[in-house]
Protein chains: 2
Amino acid sequence: MDEVEKSKIIFQPSGRRGEVKKGLTIIEASRELGVDIETLCGGKKVCGKCKVRIEEGFFEKYGIASSRSHVSDWQEEEEKFINTEQRGAGYRLGCCARVEGDILIFVPEESRAGKQVVSKAARDIHIEWDPAVNYYYVELSEPTIQEPTGDLERISEELNRKYGLKNLDIDYLTLKRLSNRLREGKWKVTVAIWMDREIIQVLPGKIKDYYGMAIDVGTTTVAAYLCNIATMEVLDTVSMMNPQCKYGEDVMSRITYHMMHQDGLAKMSADIIEGLNSLVTQACNATHPPNEKEKNQKRDNKKRREIQQDKQYLCLNPSDIIDMTIVGNTAMHHILLKLNPEYMGIAPFPPAVHKSMDIKARDLEIRINESAYVHILPNEAGFVGADNVGVLIAEEPYKKDEMQLIIDIGTNGELVIGNKDKLISSSCATGPALEGAQLSFGMRAAPGAIERIKIDPDSHEVDYKVIGRDTWRSYSKSEEMQTKGICGSGILDLFAELYRSGVILKCGRFNTNQKNSRFRKNPDNNQPEFVIAWANETTIGKDIVITQKDIRQIQLAKGALYCGCKLMMRRMGIDKVDRVKIAGAFGTHIDREKALIMGLFPDCEIDKIVSIGNAAGDGARAALLNREKREEANWVSRNVEYIELTVEKDFQQQFMEAMQIPHMKDRFPHLKGIVPDEILNQ
Amino acid sequence: MDEVEKSKIIFQPSGRRGEVKKGLTIIEASRELGVDIETLCGGKKVCGKCKVRIEEGFFEKYGIASSRSHVSDWQEEEEKFINTEQRGAGYRLGCCARVEGDILIFVPEESRAGKQVVSKAARDIHIEWDPAVNYYYVELSEPTIQEPTGDLERISEELNRKYGLKNLDIDYLTLKRLSNRLREGKWKVTVAIWMDREIIQVLPGKIKDYYGMAIDVGTTTVAAYLCNIATMEVLDTVSMMNPQCKYGEDVMSRITYHMMHQDGLAKMSADIIEGLNSLVTQACNATHPPNEKEKNQKRDNKKRREIQQDKQYLCLNPSDIIDMTIVGNTAMHHILLKLNPEYMGIAPFPPAVHKSMDIKARDLEIRINESAYVHILPNEAGFVGADNVGVLIAEEPYKKDEMQLIIDIGTNGELVIGNKDKLISSSCATGPALEGAQLSFGMRAAPGAIERIKIDPDSHEVDYKVIGRDTWRSYSKSEEMQTKGICGSGILDLFAELYRSGVILKCGRFNTNQKNSRFRKNPDNNQPEFVIAWANETTIGKDIVITQKDIRQIQLAKGALYCGCKLMMRRMGIDKVDRVKIAGAFGTHIDREKALIMGLFPDCEIDKIVSIGNAAGDGARAALLNREKREEANWVSRNVEYIELTVEKDFQQQFMEAMQIPHMKDRFPHLKGIVPDEILNQ
């Protein structure tokens with residue numbers, strides 16, 4: 001008998017319910033039942049984000065309420081995040097508490113993984129038209145007794161005669177359809193050829209427009225661009241959260257998830273592939289008339305032409321997508337391709353492969369045209385992946401004289417510095433603090449997240465605005481704010497404002513001389529903290545504060561980044577860069593002056609600091625529309641010198657110094673009068 | 001409600017039973033229940049081989065027995081094959097009678113598709129060693145912080161340094177395993193590379209032996225050679241009947257089956273693929289110790305090495321097969337690859353593709369190594385396929401001075417004539433008569449089939465021998481013979497003997513002057529016939545005879561072949577060939593003198609007539625072990641001039657003449673005294 005003992009679980013407030021195997025953690029149970037609970041650390045019991053309240057089935061084993069409990073014993077790790085009072089109320093960490101009987105679980109709002117606001121529009125960068133897939137139109141003579149040459153040879157000879165294409169292969173699945181397609185088209189057909197090498201599609205008649213997708217698989221966000229390859233037009237941008245987020249917020253927790261679960265890699269890979277397929281479907285559905293109920297259904301060609309005559313609707317199906325390019329950091333790259341990521345998680349971090357790969361979409365189970373290839377851009381190193389290569393081929397610093405510093409801050413910081421003579425890259429462990437993780441009230445860029453902050457230097461009063469609401473706090477009623485936490489761009493603002501207003505000192509410690517109602521000691525642990533938002537402005541029913549520990553986390557992150565830039569500049573033999581480019585969503589929200597104030601990266605003329613948006617995605621798009629860019633990507637991935645910062649001379653010393661906030665006086669003379677003198681002169 | 005009405009069916013004597021959908025023919029029902037009934041014409045109601053007896057559930061609708069019947073109405077086509085008496089006993093054609101209720105069906109022995117005796121051993125032909133897949137051994141340095149190059153680049157650089165291999169691709173599935181394999185092998189690995197282009201396997205440690213299979217997919221028989229590619233040794237030859245035989249005996253009936261059934265191509269393709277997979281498994285199992293119960297199970301490497309130390313057992317698994325080559329006629333080629341075969345069934349017969357194809361085994365669902373390619377040799381024309389190309393690269397007539405005629409007689413005759421200066425090929429519609437089909441008592445080369453015959457010129461007494469019994473009729477008791485019919489080689493013997501002994505005349509008609517008990521008029525239709533075996537020598541309970549119609553069929557076949565050769569010789573401008581080579585099982589059983597007597601092919605010195613066995617399979621093996629042979633095959637397939645015989649000048653005239661038996665007097669002076677004068681001088 002292999003009967004498995006199961007328990008009934010209900011999650012509130014979503015109401016999701018079902019039976020799960022006894023012994024699962026509440027996080028594991030939540031995944032099975034499709035409930036999203038925040039797990040920034042991926043279940044390693046260190047982030048404390050997955051707090052839940054056991055409503056029924058909770059009885060402290062050694063308490064008076066009952067002699068039995070439906071959850072496993074309290075764990076030491078939970079003490080850091082749950083105080084005695086909460087513990088009494090049934091709070092547990094979802095990653096620690098295991099199901100031992102039927103339970104009703106309440107997931108507090110702060111623990112719910114919200115739907116992130118994603119903005120990853122395509123930029124208008126210059127790309128030469130030279131796609132990997134080309135469409136060729138041919139008119140063939142019919143076979144006769146005198147000339148009974150086979151179908152493939154007939155078409156190949158004409159492609160050679162008319163376009164000079166020689167030695168063409170044909171994809172097996174295209175070959176299967178070839179004979180019928182030729183006759184459907186009455187021997188007039190359009191042929192899709194990949195890299196002038198392989199026939200991957202034969203369509204009856206003359207076709208001009210054809211379609212591809214460029215995809216950026218980020219650790220947190222996946223963005224996809226649907227392009228008309230013939231016209232280079234971006235028809236649509238679609239995006240989603242990386243469905244792997246449920247296995248852990250950052251790269252390392254996903255690698256850990258793989259190492260701790262036999263089917264971890266398979267599950268994570270299947271999730272992202274499924275995600276890509278849903279993006280493809282979503283983008284295709286958007287080309288159909290809105291009142292068409294059955295989307296993406298096979299239509300006969302006549303019906304399809306009728307709808308298309310409306311011109312507004314392309315009526316694309318996934319099988320119309322004939323090419324795809326993908327960028328992503330090395331871990332996302334490996335997990336997507338089911339390559340064992342564990343070796344790139346430990347020194348010396350070698351990836352399984354650097355160079356770009358062309359893999360049949362069907363081998364990856366990506367549901368676009370069955371004969372299409374997926375082109376995955378190359379990796380530079382274990383911690384500088386194809387996404388960074390995408391940034392490089394979009395920005396082309398190797399074609400410029402000026403010395404550029406390109407920063408891509410995600411959960412990991414990727415840095416490139418150089419010009420046409422030399423390029424070096426490295427990664428720095430900024431950690432997720434700059435994105436809001438690991439902080440007491442940090443969260444992703446979702447509605448309710450504080451994104452801008454001002455602190456009055458005199459009164460230390462705080463004004464702020466949240467995502468999803470245009471009106472600032474000072475113009476709103478408290479209950480209108482619906483504040484939930486602080487996201488990445490808010491944190492940068494906060495840090496700069498805390499310093500500029502004198503709440504914290506140059507070294508990062510709280511100024512204990514300040515007198516205002518917001519600065520206080522936490523009654524539980526007696527540690528100093530500063531209140532950003534009062535409980536009545538929030539949906540979580542408590543004050544949103546920043547603690548000394550939070551500030552240290554931000555300092556560690558900004559120190560890693562600053563120190564990385566400095567060490568690379570030293571290697572490059574320069575003490576100043578001509579231009580700073582900031583990629584990613586972080587770059588689009590960043591206040592350049594505040595970034596300079598806090599010393600996020602080395603000084604640069606303020607108008608030479610530019611945001612380049614989702615440059616990684618732009619690189620993927622460039623590679624979709626220009627095959628030379630694929631070559632260029634392979635070249636650059638092997639010609640950027642990767643530097644492992646942690647083994648650089650005096651790394652520790654540099655890092656410690658970089659955690660300080662730099663002197664402001666000389667750097668920002670224009671701030672005199674705006675910032676208190678004692679701060680400016682610190 | 002989509003309930004389908006079903007009926008219970010039992011087949012005797014096999015006892016197979018089950019429920020089938022009402023409305024199926026008995027042949028369709030037999031397929032569903034796995035009962036093999038002969039259907040030479042593929043259900044077209046013209047061969048009459050699928051006679052069955054309805055035992056229960058048979059009541060003539062208009063008869064006295066009952067007012068209802070469980071089978072469909074009698075059809076006109078059945079009258080040709082079933083006489084009134086048989087009809088009364090419940091005989092029906094399986095392709096005509098449809099299931100309308102529960103029935104018990106008896107399949108007479110003559111209608112059972114027997115297991116054919118197949119002999120397709122590999123010949124010892126000379127092949128240069130230059131396989132498409134090579135194994136390379138490399139020892140790599142481990143990654144370090146100073147040199148953290150990725151795994152693929154590490155291995156590629158060493159393969160370039162040590163073996164000069166550049167620009168290597170890697171199969172995606174091989175890449176997935178790469179990192180683990182390198183570490184299992186402690187950075188010492190053997191790499192399988194296909195065509196110096198693509199890494200398709202990485203194995204820990206140093207491996208020398210590796211394996212491939214060469215396969216000949218015949219219309220009737222499939223033969224496979226398991227080879228050690230490293231040593232060129234043929235380890236095993238395995239063969240089976242083509243499982244598609246149940247859809248029709250010859251190429252045209254299979255094409256018809258496809259055209260008449262929507263899923264016909266998919267079913268026939270799936271059957272042959274499944275057949276190939278079972279041959280692979282069979283050949284691999286034969287390398288395991290006989291008492292090993294769990295064959296082909298995954299073993300850990302240690303256990304496997306232990307077994308292998310015995311040296312006698314290789315313990316191969318299908319995944320050890322790293323390369324495969326396939327030949328087959330154009331129809332078998334198309335059906336295997338699921339290419340629409342219908343266009344090559346109608347003039348001008350263009351195939352979907354001529355050139356050789358390299359297709360991933362996984363795309364074909366052939367279960368050998370998951371990254372291996374299958375190489376399918378090229379086709380010459382719609383009716384001269386990759387099997388003929390196999391014959392050519394095995395025999396290399398294009399490298400010789402002497403003028404060779406190469407004949408491959410299967411269900412279709414394929415002819416090549418030429419030397420190093422020129423090669424022409426054609427096909428001739430011999431039909432299946434020479435293989436025993438379409439004759440009253442024709443059958444495949446299976447136990448009980450008459451394969452040798454002698455007829456005494458004076459008494460016209462017949463002596464014969466059957467497959468599976470060494471003793472001739474004249475030395476056996478009647479009941480020992482267990483005769484069932486006449487197979488291909490027996491037919492050739494019979495025809496020559498009928499003529500030499502004076503039973504038939506030069507024009508093919510029975511000599512009505514003969515007086516013996518064997519020559520008689522059939523009491524049913526008053527047509528002349530000659531008894532080969534008396535009922536008491538058979539298992540079918542009736543006299544085995546040859547009729548005037550049978551003789552016409554043989555004449556048509558031999559006429560087509562002879563006329564084809566003659567027309568080709570005319571095109572070539574020659575009146576004599578230096579050598580005749582006969583390929584296929586037919587060639588190995590043929591009596592050269594009798595073939596000359598009956599005028600099967602143009603005259604040639606008798607010791608220059610040679611059997612070349614399964615030369616098509618030899619060609620497949622050559623292509624497996626030598627990649628140049630693949631190039632040669634593509635070259636020859638496009639440089640043999642294909643001739644459509646039926647449009648040649650005076651084809652009809654030539655064909656009519658060729659049906660005659662040629663004058664013997666001048667051709668066989670040595671037969672004087674052996675053959676009666678009146679025959680010799682006819």
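**Stop one: a sheet in chain A**

Start by selecting strand S18 of chain A, residues 423–428, together with S27(A): the two strands run parallel and are joined by two bridges. To see one pairing up close, pick A:Ser425, whose bridge partner in S27(A) is A:Tyr642.

Now widen the selection to the whole sheet. This open sheet of chain A has six strands in the order S26-S25-S16-S17-S18-S27, and its pairing is mixed. Which strands stand at the edges? They are S26 (609–613) and S27 (641–642) of chain A; each has a single partner strand, so one side of each is left without a neighbour in the sheet.

**Stop two: a helix in chain B**

Next, select residues 615–625 of chain B, which form helix H14. Is this helix mostly covered or mostly open? It is mostly covered, with 11 of its 11 residues buried. Click along the helix and you will pass, among others, the buried residues B:Asp618, B:Arg621 and B:Leu625.

**Stop three: colour by confidence**

Remember that this is a predicted model, with an ipTM of 0.78 and a pTM of 0.79. Colour chain A by pLDDT: the mean is 87, and 89% of the chain's residues reach 70 or more.

Over residues 59–68 pLDDT stays under 50, and the model has 13 contacts beyond four places in sequence for them. Residues 115–119 also stay under 50, with 14 such contacts. Where pLDDT is low, the predicted coordinates should not be read in detail.

Notes:
Residues numbered from 1 in each chain as written. Chains lettered and ligands numbered in written order. Predicted model: local features only at pLDDT ≥ 70, side-chain atom pairs only at ≥ 80, totals over all residues. Heavy atoms only, no water. Buried < 20%, exposed > 50% of the residue type's maximum accessible area, 1.4 Å probe, protein only. Helix = DSSP H or I, 4+ residues; strand = E, 2+ residues; numbered from the N terminus. pLDDT = per-residue confidence, 0-100. Contact = heavy atoms within 4.5 Å. Pairing = 2+ DSSP bridges.
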